[in-house]
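Please look over the sequence and the structure shown here, and keep both in view while reading the paragraphs that follow.

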Amino acid sequence: MMMCLGPLVLVFMLGLGLTPPTLAQNDSRYEHFLTQHYDAKPSGRGSRYCEIMMARRGLTTPCKDTNTFIHGTKNNIKAICGDKNGKPYMDAFRISKSAFRVTTCKHAGGSPRPPCRYRATAGFRDIVIACENGLPVHFDESFYRP
């Protein structure tokens, strides 16, 4: 049994060694972006939503001042990185061609340590992100659509 697994383990290890480190790094930056800013199907969009989501996503040690959650599909957000749903904005950013449903959570003040209290602002906005290798890796800001 061990003799049969030897070549498979070798092929697997070679595959890991051939994966470019930048790809792995971009994937982790993309995953971090999703953790901080992505929530496809929010359960409510008020202050309680913010307090729960900020704690669940690990953004309350210390209390993060402001964070925006994007409520759309991953594919629509990724499309901002290309011409399908995005266009260049300032130096290294992309702005969405369509508005996204978002909830912005703003720390209500007080102690920077939990329990954190947040005020929610819900709306539809154009969003500005930074992309690397076709993946969103940084949320910069959002604008109300006129």
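Which residues does Ile77 touch, not counting residues up to four places away in sequence? Ile77 is in contact (heavy atoms within 4.5 Å) with Phe33, Tyr38, Ile70, Gly72, Phe100, Ile129 and Pro136. Before going further, note that this is a predicted model, in which local features need pLDDT of at least 70 and side-chain atom pairs count only at pLDDT 80 or more, while totals for chains, interfaces and linings use all residues. Residues are numbered from 1 along each chain as its sequence is written, and side-chain values use heavy atoms, with hydrogens and water left out.

Ile77 belongs to the largest nonpolar core, which has 14 residues; such a core is a set of buried Ala, Val, Leu, Ile, Met, Phe, Trp, Tyr and Cys residues joined through side-chain atoms within 4.5 Å, where buried means under 20% relative accessible area, exposed over 50%, and partly exposed in between (1.4 Å probe, protein chains only). The members that touch the most other members are Phe33, Ile70, Ile77, Phe100, Ile127, Ile129 and Phe139. At least two residues of this core come from each of α2, β4, β5 and β6 (135-144), with helices (H or I, at least four residues) and strands (E, at least two) taken as DSSP runs numbered from the N terminus. The largest share, 3 residues, is supplied by α2. A second, separate core of 10 residues includes Tyr49, Leu59, Phe69 and Cys116.

We turn now to charged side chains. Side chains of opposite charge can pair when their charged atoms come close. With a salt bridge taken as a side-chain nitrogen of Lys or Arg within 4 Å of a carboxyl oxygen of Asp or Glu, the count comes to 5 salt bridges. One of them joins Glu132 and Arg29 at 2.4 Å, N to O, and this pair links distant parts of the chain, since Glu132 is in strand β5 (residues 118-132) and Arg29 is in helix α2 (residues 21-37), 103 residues apart. Glu132 is partly exposed at 28% relative accessibility, and Arg29 is likewise partly exposed, at 32%.

Another salt bridge pairs Arg48 with Glu51, their closest N and O atoms being 3.8 Å apart; because these residues are 3 apart in helix α3 (residues 47-56), about one helical turn separates them. Arg48 is exposed at 57%, whereas Glu51 is buried at 17%. Glu51 also meets Arg117 in a salt bridge (3.8 Å, N to O). Glu51 lies in helix α3 and Arg117 in the loop between β4 (100-107) and β5, so this pair ties together parts 66 residues apart in sequence. Through shared partners, Arg48, Glu51 and Arg117 are joined into one network.
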